[in-house]
Amino acid sequence: EIPPIAHPTPEDAFGVAANIQYHAHYSPHFSPSKFEPEQAFFSTAESVRDTLIQRWNETYAHFHKVDPKQTYYISMEYLQGRALSNAIGNLGLTDAYAAALYKLGHDLETIVEQEKDPALGNGGLGRLASCFLDSMATLNLPAWGYGLRYKYGLFKQKITAKGQEEYAEDWLEKFSPWEIVRHDVVYPIRFFGEVLVESDGKRKWVGGEQLQALAYDIPIPGYKTKNTISLRIWEARSPPQDFDLYAFNAGKHINAADLQFKAQQICAVLYPGDETEEGKLLRLKQQYLLCSASLQDILARFKERRSKDKPFLWAEFSKKVSVQMNDTHPTLAIPELMRLLMDEEGLGWDEAWTITSSTVAYTNHTVLPEALEKWSQAVMAKLLPRHFEIIAEIDKQFHALVGKIRPDLEDKLSSLSILDSSNPDKPVVRMANLCVISSHTVNGVAELHSDILKKELFADFNSLWPTKFQNKTNGVTPRRWLRFCSPELSTIITKWLRTDEWVTNLDLLTGLRQFADDKQLQTEWAAAKTANKQRFAKYLQDVTGIEVDSNSLFDIQIKRIHEYKRQLLNILSVIYRYKKIKELSKGEQMKAVPRTVMLGGKAFATYAQAKRIVKLVNDVGQVVNNDRDVSHLLKVIFIPNYNVTVAELAIPASELSQHISTAGMEASGTSNMKFALNGSLIIGTLDGANVEIREEIGKNNFFLFGARAEDVPILRKQREEGKFVPDPRFEEVKDFIRSGKFGDYDYGPLLESLEGNTGYGRGDYFLVGQDFPSYLEAQSKVDEAYRNQAHWIKMSILSTAGSGKFSSDRTILQYAQEIWKIQACPVP
Ligand code: 26Y
């Protein structure tokens, strides 16, 4: 009998240390002479991975045995953040690893900081996917994630005198200890070629380019449960030489190295620039690779689980499988499932359609027209000829259906159909319409957003299929976003609630309300916030060299830089504040509330206006921070290279956070939830999930301003009619920038976007001028409120106390019950 392998246990720091040392010696990645933090990180991670692999295997075996219905979450993006502290936190091994590392001459904090933050996503949508995985595992749900293994994630942002500069982020530079390559999980992927009709009428996709998708698994541990699920990411590679040479020979002689290189390009970068045709094609290849590999894998698992004693029935597929598409990026899952069922498995159209349309569901994350995906029909037909046929057939059948059951909608078909050929030069495939038509459920990500989907974007679809549309308000994982990122506040919460069950039952936070006036709690709360502020101040000093006053109000806006998110509104008001402080007498200055305004976020590399905003924030900072008349009352800091790791430091330190998008434009927002959870008060518009956050934590604890979503079109129209009269303070600030006060950079195009009556990039489409006065008033209320520290702390406690709804556990449970129809499957 071979004895079982010993795994680290919480009580056994010596065992853990031995295990780390084992990996340092026998899984070496460095020369053996040193055991510095970097080496210590990799061996620690490998030690943790042992436990993860064990649990991953047990979970897989258990799911296989029970054969429950399983969900597959398909997403082009994941923003996992660092894994080490999260993994040992979820496993309950933090103290054991801290003690073990201490015995080995290291401290856990330093070791944790060695890890690269894998940024396989852009922003909110990617981070949401990662929070969802954490909740799926924690709730013991049979669910998996599928994604792509990009070699370079989101670029690294550096700020220079020119503004934002982008650098490649090589998260795999020294390999990732968390991924397990699955050499036995490989699927063929085809591009281009043609569709042949065989003698029996069957259609077959042949020829073209062939490559392979290779699986890597990243184990995702749940919190305080054995269940450990998988994020399976695909890498593209060219097939071995002796694979199918048909395509090879049909083309000319391409040498193998070329092919290898070409295959590697597919997963080279997260978001290839798609200004060029080549870039567009690459992006479509990525989407197809993700969908095809994932669906082949899903079908294989379905068959495998049903094959032994109970042969599988295709009719049972949607009772065993549910597929969630994270926005339209994985839409090709629809025609790919149809193709696999018909062409590979021999099913007829009707059966394949019934299966597909009862399996897939679609989440919409944006109503911005420029983010709604449309693919050129020509490109699609060339790259994926069989899929284009299938899409056209789905569209044809949809037209027939409308003619039959809703003839009154026939004149709307031009906007409802999947294929849009209205512009004969550029016929396109509307991916959102394909998703809505083919999915059993479509959901938005906050109440307001889901209402807009039903009433505006998908209004006619909603009248056709009213029960198809749902809302699933986003959430965030309380593990990463409170328990682990603010241990100080967590300890206080646990002490006052007399339980740590809030970590998996976030509604328990309401129990803090009864103590909101308690002086003792307020003192402890303020101390924890101060500690977090000091920690972040030290970080800022390290990365920017700017000294920050930890007693000032920490005011933070961190998110992607976008005109609709209105970082411009923020910085314009900062300029106004700067001017007013300069006008104050010494006596008046004594009464002013010192503030540190921090902004961070990446601008898409080709988004010129967003980059100008980054530049302006930095230029304003230069002037304000070096002006000795004001710098004790106001500092402006651009937080460089914003990512998950920076967020984990910034959010716990924040006292005020800004969620100030033009109403109706931010689908949900999720950082608003993280800030509220950490007791940071929100200044914000009635947009996205702000609406629900304000309801939950109470309107007295929310600094509201700005136009409402339903008024936005009216206000834009009034503006077009020349009826808008700008506030003099708004004009004053713009003039101040024009005067050259912030340097000689040409801010013309940025300021011009705020002028005129109409036109894209003009006419103040995002209503900055409109909302400026009410924003300034809300900011004054913030200052007023901050003067009464006891009251501010009370509001901060009430903010945390009211955040229970925004746990991704709640969100995922709703998806599980109302869309996926899956049940928990805990490993015994
Ligand atoms: C196809 C391409 C143009 C594209 C690529 C990425 C389009 C959109 C995206 C990403 C969108 C995104 O991150 N949306 C955000 O999703 C969050 C999670 O639901 C929301 O909280 C947030 O409001 C929304 O902007």
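Good morning. The domain assignment of this protein gives domain 1 (67–81 + 117–473 + 814–820) and domain 2 (478–806); the bounds come from an automatic or database domain assignment. What I describe is a predicted model, in which local features need pLDDT of at least 70 and side-chain atom pairs count only at pLDDT 80 or more, while totals for chains, interfaces and linings use all residues. Residues are numbered from 1 along each chain as its sequence is written.

I turn to the two domains. How far apart do the C-alpha centres of domain 1 and domain 2 lie? They are 35 Å apart. The contact takes 35 residues from domain 1 and 33 residues from domain 2, where two residues are in contact if their C-beta atoms, placed from the backbone, lie within 7 Å. On the side of domain 1 that touches domain 2, at least two residues each are supplied by helix H6 (124–138), strand E3 (156–160), strand E4 (163–167) and helix H17 (447–457). Helices (H or I, at least four residues) and strands (E, at least two) are DSSP runs, numbered from the N terminus. H6 gives the largest share of that side, five residues. By class, the side of domain 1 that touches domain 2 has 13 nonpolar, 14 polar and eight charged residues. Here Ala, Val, Leu, Ile, Met, Phe, Trp, Tyr, Cys and Pro count as nonpolar, Asp, Glu, Lys and Arg as charged, and the others, Gly among them, as polar.

Next, the ligand. It is surrounded by 18 residues, of which the closest are Gly-124, Leu-125, His-365, Ala-667 and Ser-668; a residue is near a molecule if its C-beta atom, placed from the backbone, lies within 6 Å of it. Domain 1 and domain 2 each contribute at least three residues to this shell. The shell divides into five nonpolar, 11 polar and two charged residues.

Axes are lines fitted to C-alpha atoms, for helices over the stretch in contact, and angles run from 0 to 180 degrees between N-to-C directions.

From H11, Ile-334, Leu-337, Met-338, Leu-341 and Met-342 meet Trp-349, Ala-352, Trp-353, Ile-355 and Thr-356 of H12. That contact has nine nonpolar, one polar and no charged residues.

The second pair is helix H14 (residues 385–405) and helix H16 (residues 431–438), packed at about 60 degrees with axes 11 Å apart. H14 and H16 are therefore also oblique to each other, and their crossing is left-handed. Ile-391, Ile-394 and Phe-398 of H14 meet Leu-434, Ile-437 and Ser-438 of H16, giving five nonpolar, one polar and no charged residues.

Which residues make the contact of H21 with H25? Asn-532, Lys-533, Arg-535, Phe-536 and Tyr-539 come from H21, and Leu-649, Ala-650, Pro-652 and Ala-653 from H25. This contact includes two charged residues, beside six nonpolar and one polar. Thank you.

Terms used:
Parallel < 35°, antiparallel > 145°, perpendicular 65-115°, else oblique. Left-handed = near helix turned anticlockwise from the far one by under 90°.
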